[in-house]
Amino acid sequence: MTALAVIRVTPVSVYPETFLPVFAKSIYDMNGLPTTASNAEWAKLFAGACAIGPAVLAANGCIVEMLRIPNSSHTGTILGAVPARRAQNEALLDWMNRYVMANQPAVEVVADVREALELLNGLVKGQKDPTPFFGLRRLILEQLEESATDDGFPLKPQRILHDLRAMMGREDVLVSDVGTHKLWVARTFPAYEPNTVLISNGFAAMGFSLPAAIAAKLVHPDRKVVAVSGDGGFLMNVQELETARRLGLAVVCVVFHDDAYNLTQWKQQTRFGRASGATFSNPDFVELAHAFGAKGYHVTAARDLRPMLAEALAAAGPSIIDVPVDYRENARLTARLGQIVCPI
Ligand SMILES: Cc1ncc(C[n+]2csc(CCOP(=O)(O)OP(=O)(O)O)c2C)c(N)n1
Ligand SMILES: [Mg+2]
């Protein structure tokens, strides 16, 4: 078997020189620890380390007690002293360290991604036969079609996104929030033009989609803009409907309604065999829309979605389309991904 070398191309904009030391420092600050090192020393210390993971944990309210630095002599260094949180943090950080170690590239190229790939392409020797990739492309396209026209209710995520893609133009913009719906957007919503599918993939902050969609609409007033959210994330920044209404921006909010933080449930289910503490109830989204002076639609059958989208996309102001979603598809996806064999 041939071992594949992994080459990671890191965009210059996120490299340690400035980015990681800043985060590392903020982790220290959060834990009330002294930060005496200069920026240059921090940059040296954190070169090659993955400080982003702990920073995200910290942003989500966990106190990060310890940070292992895989590429430096400081491996295993205990950076903090918050004994009360040690047990919780140990488990999280242990998982994170294993993840970081398992994903170390053979070579890391820090550069503009486009330039780097063009340069690397020139260096690749031997035959560049694209034929094997056609099989992979076919497999991906087949998966895009799967359940895309399923009439079931609540709607399958694939059906919602298939109808949405059909109703939006190539230049129109979809912004995804964070949750299970985002994973389905990433898998089944093709982007045809640059910057037309916007996903907060690194920090993955719930509540991102509506404000980001407002910004997209301000930049491209001539394009349709759709914000896809889960019910949890949508309610985190719903007040921005007032902004959209005040500015007269036609942003269509498609809410995947499941009365739950589904991504949390999905992870709990796969890791612990059961889910707990991640359900909630929702307001009536149509009444909520009306309260903001926006249009509101309840989808009550799969065939409702397209006409409602057509009306909302043609409206002058913001709208909410409340779409009950059937996330039982997740389990099928988990099983399939566990067995998938790359055809090339
Ligand atoms: C501000 C913030 N808090 C918590 C999380 C962790 N988180 C990621 S997805 C998720 C659940 C999302 O639920 P919902 O918005 O209803 O979307 P669904 O998964 O149901 O599609 C949570 C709690 C996060 N990414 N951002
Ligand atoms: Mg939800």
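I count a residue as buried if 20 or more other C-beta atoms lie within 10 Å of its own, as exposed if 12 or fewer do, and as partly exposed in between, with C-beta atoms placed from the backbone. Helices (H or I, at least four residues) and strands (E, at least two) are DSSP runs, numbered from the N terminus.

I noted that this is a predicted model, in which local features need pLDDT of at least 70, side-chain atom pairs count only at pLDDT 80 or more, and totals for chains, interfaces and linings use all residues. Residues are numbered from 1 along each chain as its sequence is written, while chains are lettered from A and ligands numbered from 1 in the order in which they are written.

**Whole chain**

I looked up the totals next. The protein chain has 15 helices and eight strands. Of its 344 residues, 33% count as buried. Among contacts with a separation of 6 or more, 69% join residues 24 or more positions apart. Two residues are in contact if their C-beta atoms, placed from the backbone, lie within 7 Å.

**Helix α7**

I listed the buried residues of α7: Pro157, Gln158, Arg159, Ile160, Leu161, His162, Asp163 and Leu164. Their cover includes the helices α8, α14 and α15 (329-339), and the strands β5 (225-230), β6 (251-257) and β8 (319-324).

I then took Arg159, which is found in α7 (residues 157-167). Is Arg159 buried or exposed? Arg159 is buried, because 24 other C-beta atoms lie within 10 Å. Leaving out residues up to four places away in sequence, Arg159 touches Ser147, Ala148, Thr149, Asp150 and Ala302. I also checked Val325, which is 166 residues from Arg159 in sequence and 9.6 Å from it in space, C-alpha to C-alpha.

In the loop between α6 (131-145) and α7 I found Pro154. The peptide bond from Phe153 to Pro154 is cis, with omega near -5°.

**Two helix pairs**

Two packed helices are described by the angle between their axes and the distance between the axes. Axes are lines fitted to C-alpha atoms, for helices over the stretch in contact, and angles run from 0 to 180 degrees between N-to-C directions.

I looked at α7 against α14 (residues 305-314): the angle is about 45° and the axes are 10 Å apart. The two helices are therefore oblique to each other. Angles under 35 degrees count as roughly parallel, over 145 as roughly antiparallel, 65 to 115 as roughly perpendicular and the rest as oblique. α7 passes α14 in a right-handed crossing. Ile160, Asp163, Leu164 and Met167 of α7 meet Leu305, Arg306, Leu309, Ala310 and Leu313 of α14. I sorted the residues of this contact into seven nonpolar, no polar and two charged. Here Ala, Val, Leu, Ile, Met, Phe, Trp, Tyr, Cys and Pro count as nonpolar, Asp, Glu, Lys and Arg as charged, and the others, Gly among them, as polar.

For α9 (residues 209-219) and α11 (residues 240-247) I read an angle of about 20°, with the axes 9 Å apart. These helices are therefore roughly parallel to each other. α9 passes α11 in a left-handed crossing. A crossing is left-handed if the near helix is turned anticlockwise from the far one by less than a right angle, and right-handed if clockwise.

**Ligand 1**

How many residues surround ligand 1? I found 19, of which the closest are Gly179, Gly230, Gly232, Gly233 and Asn262. A residue is near a molecule if its C-beta atom, placed from the backbone, lies within 6 Å of it. By class, the shell has eight nonpolar, nine polar and two charged residues. The helices α8 (180-188), α10 (231-236) and α12 (262-272) each supply at least two residues of this shell.

**Loops**

I looked up Asp259 in the loop between β6 and α12. Its phi is near 55°, a positive value in a residue other than glycine. Asp259 is partly exposed, with 13 other C-beta atoms within 10 Å.

Ala204, in the loop between β4 (197-199) and α9, has a positive phi of about 50° although it is not a glycine. Ala204 is partly exposed, with 15 other C-beta atoms within 10 Å.
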